[in-house]
Structure formats: C-alpha cells, structure tokens
Amino acid sequence: MEKEKLWTKDFINITIISFFIFLVFYVLIASLPLYLVENLNAGADKAGLLTTLFLAAAIVIRPLAGKWVEKGSQKKILIYSTIAFCIASSLYLFTKSLGAILVLRIFHGLTFGIITTVKGTISAELIPASRRGEGVSYFSLAMGVAMVFGPVIGLNLANHNMYTLSIILCIIFAAINILLALVINVPKLEPVTKIEKRGFSWNDIMDGKTIPYAIPTFLLATSYSCVSAFLAIYAKELNLVAAASTFFIVYAIFMIIFRPFTGKYSDMYGPKIIVIPCILIFAIGMFILQLPLTGFLMIIAGILIGIGYGSVTPVFQSQIISSVERHRVGIANSVFFNAMDLGMAVGSFILGIVASNAGYSRMYLVAMGIIIVTFFIYIGITKEKRRQ
C-alpha cells in the first residue's frame with residue numbers, strides 16, 4: 001500500500017515558520033541574559049526571569065489561543081500572530097533598561113503563545129494520520145534545529161557585544177514568517193456540532209486525556225531549562241564559550257540523525273521503546289554537566305542530550321495529539337506547548353535561584369534528579385495504561 005504524502009508545499013512552509021519562530025526565541029534566550037549580566041549588572045536570577053516571564057505569558061494566553069484556533073480561521077490567526085511576533089521582536093531595539101526588557105518579554109511571550117498553538121494545529125492537520133509519529137518528529141525537528149543554531153548565533157554575537165545585530169537578525173526571521181503565513185493553504189476542519197451555550201468549562205481549554213503525557217513533558221523541560229538559559233553564562237565563567245557553541249552544534253547533529261528514526265519506530269513499535277532509553281541518556285548527559293567541566297566533556301554532554309531530550313519530546317507531542325479527537329487538536333497542542341513552556345519557565349526561575357546560591361554545578365545535579373524522577377513517573381504511566 002502506497003504511503004500517504006507527507007512533504008507537501010504547505011507542510012514545508014509551516015515547518016519553516018516553526019523553525020524561524022524558535023530561531024528568534026533561542027537567539028534571544030542566549031544573548032539577552034548575557035546583555036543583562038554584562039551591561040545592566042543583573043544576576044543569574046534576573047537572567048532566568050527573562051525566560052520565566054516570556055513563557056509565563058505564553059502559558060496564560062495559549063489555552064485561549066487553542067479555543068480560538070478550534071472555533072476561528074486558522075490562517076487569519078497565523079497571519080495576525082506572525083505580524084505581532086515581528087513587532088515584538090522589533091521593539092528590543094528601543095528597550096535599554098531592565099524593567100522595559102521584562103515588560104517586553106511579557107508582550108513577546110503572548111505573541112509566541114498564540115503563534116506556536118496555531119502553527120502546531122495546522123501542522124497536525126497537514127500530517128497524514130498514518131504517519132503522525134514520523135510527521136511530528138520531522139516537524140518538531142525544526143524546533144530542535146533552531147534550539148541549536150539560535151544559541152550559537154546569539155552566544156557568538158553576544159560574545160562580541162553585537163546585541164543590536166542579533167535583534168536585527170530576529171526581525172528578519174520574523175518578517176519571513178509573515179510572508180510564509182500569507183501563502184500557506186490551511187485545511188478546513190469539519191464543523192463541530194454546535195452545543196447549547198453554557199458557562200466557562202475547563203474542558204474548553206484542557207483535555208484530561210492529555211495529562212499523563214503532559215506531566216513528563218513538563219518535568220523534562222524543567223530540567224532542560226538550565227541548559228538553554230544558563231549554559232552560555234556558565235561557559236563564559238569557565239572560559240569555554242567555544243565549547244558551548246560546539247555543544248549546541250553536536251546537539252543538533254545527533255538530534256537530526258536520531259529523531260526521524262525515533263518517530264518512525266515509535267509508530268511501528270510503540271513510544272515506550274523510544275522514551276525510556278532516551279530519558280536515561282538525557283540523565284547521563286546532565287550528570288556530565290555537573291562534573292568539573294572541560295571542553296571535551298561539555299561536547300560529550302551535548303551529544304547525549306541531543307540524543308536523549310532531542311528525541312523524546314516529539315514522541316510526547318505525538319501521544320498528546322493522538323489522545324484527543326481531531327477537532328480538539330488545537331487544545332492538545334496548547335497542552336503540549338504549555339507543558340514545555342511551563343517547565344522552561346519554572347525551571348529557569350527555580351534553577352536560576354539554585355545557581356545563584358549553590359553554583360551551576362549543583363544546579364545541573366538538581367536537574368539530573370528531576371530527570372530520574374521523570375523516568376519513574378513514566379514507568380508508572382505505562383504500567384497504568386497497560387492495566388487499563
């Protein structure tokens with residue numbers, strides 16, 4: 001039987017949009033903390049607050065965005081949100097104080113929450129159901145690649161005090177998304193049977209069937225937050241900036257190598273065969289980061305975290321999407337991204353406090369502990385699902 005087509009023009013477009021969204025996110029997440037530390041004399045806790053406020057805003061708006069996507073025009077929401085995201089990216093050129101930057105991070109986070117929800121929903125509609133695990137893995141690879149090149153760009157520009165250039169690049173990336181949003185063709189959902197109007201219900205913004213997969217997604221993102229938010233500062237402190245750039249490059253290479261296979265094998269043999277070893281590999285990578293670091297060890301950690309964390313997140317996204325009815329995919333995507341962003345927000349704040357008081361090495365040790373807890377929680381979830 002011939003496979004349903006995956007790589008259509010519209011799927012490629014929405015994947016490119018996803019790449020540029022997260023490229024902007026990760027360029028800023030690497031460069032802004034260094035800007036605060038070096039130019040505004042802020043500490044690690046304030047640098048972590050940059051990520052926390054941004055993601056908190058995304059978390060607040062995303063359930064509403066999921067409802068808008070379910071009821072309204074997905075293409076219009078995509079166009080308007082890409083324009084707003086570009087405006088927010090442009091405003092960094094005019095914010096020079098800590099307070100102004102923190103307020104802007106909230107606004108930027110709101111636009112990010114909407115755009116990630118709608119583009120995730122559109123991608124789920126464009127991926128054939130028979131190739132969902134494979135399609136989600138390829139689609140989320142755009143986020144993973146951006147997770148690598150964004151910090152490399154941001155870290156290297158910040159290391160040369162070229163913060164303005166990093167912002168200009170983000171504006172260009174965001175502007176490209178507007179053009180792609182204008183030309184994309186969005187599938188029309190079958191109309192949902194209307195029900196009588198009623199008051200607010202949690203069912204409008206949450207689906208209980210997604211929770212078992214949202215919990216490990218949240219915990220692993222909490223752990224990974226200390227890599228995205230603090231590795232650049234830690235590397236500069238140890239004079240390992242070059243190794244930190246290589247860390248993100250090898251992370252990308254090994255994620256790109258492994259992720260297509262993990263999605264395909266998850267479809268064929270079930271997610272457990274992928275998730276369990278990947279969590280353990282992620283834990284080993286985090287264990288290395290808490291050791292007395294050399295450039296070589298940092299690069300080895302990047303390889304292991306790229307294989308472990310880089311492979312496991314699209315499997316959870318696929319499980320969350322598959323757990324709900326088709327017309328609730330927008331809400332499912334909202335849950336997935338909120339779980340990731342809440343983990344990043346909580347982790348950046350709490351682990352930033354740990355770093356300020358106990359040092360970065362202890363922070364990575366705590367992060368490893370969170371991964372181990374996640375491993376046992378996932379084992380419990382799979383046993384409960386098998387029993388049911």
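Y80, I83, I87, L91, F94, I106, F107 and L110 make up a nonpolar patch on the surface, with about 740 Å² of accessible area together. This is a predicted model: local features need pLDDT of at least 70, side-chain atom pairs count only at pLDDT 80 or more, and totals for chains, interfaces and linings use all residues. Residues are numbered from 1 along each chain as its sequence is written, and side-chain values use heavy atoms, without hydrogens and water.

**Surface patch**
- Helix 3 (74-90) and helix 4 (98-126) each supply at least two residues of the patch; helices are DSSP runs of H or I, at least four residues, numbered from the N terminus.
- I106 lies in helix 4.
- I106 is partly exposed, at a relative accessible area of 36% (partly exposed lies between buried, under 20%, and exposed, over 50%, with a 1.4 Å probe and protein chains only).

**Core**
- The largest nonpolar core holds 127 residues (buried Ala, Val, Leu, Ile, Met, Phe, Trp, Tyr and Cys joined through side-chain atoms within 4.5 Å).
- Y224, V227, M286, L289, Y309 and Y364 have the most contacts inside this core.
- Leaving aside neighbours within four places in sequence, Y364 is in contact (heavy atoms within 4.5 Å) with C226, V227, F230, L231, Y234, M286, L289 and Q290.

**Confidence**
- Mean pLDDT of the protein chain is 84, and 90% of its residues reach 70 or more; pLDDT is the predictor's confidence in each residue, from 0 to 100.
- Over residues 192-197 the pLDDT is below 50. Beyond near neighbours in sequence, this stretch has one contact in the model.
- Confidence is lowest in helix 5 (residues 132-159), at a mean of 79, and highest in helix 6 (residues 163-183), at 94.

Terms used:
Patches are made of residues with over 30% relative accessible area and no salt bridge: like charges are joined within 9 Å, nonpolar side chains (Val, Leu, Ile, Met, Phe, Trp, Tyr) within 5 Å. Accessible areas come from the Shrake-Rupley method with a 1.4 Å probe; for residues, only the protein chains shown count as cover. A salt bridge is a side-chain nitrogen of Lys or Arg within 4 Å of a carboxyl oxygen of Asp or Glu.
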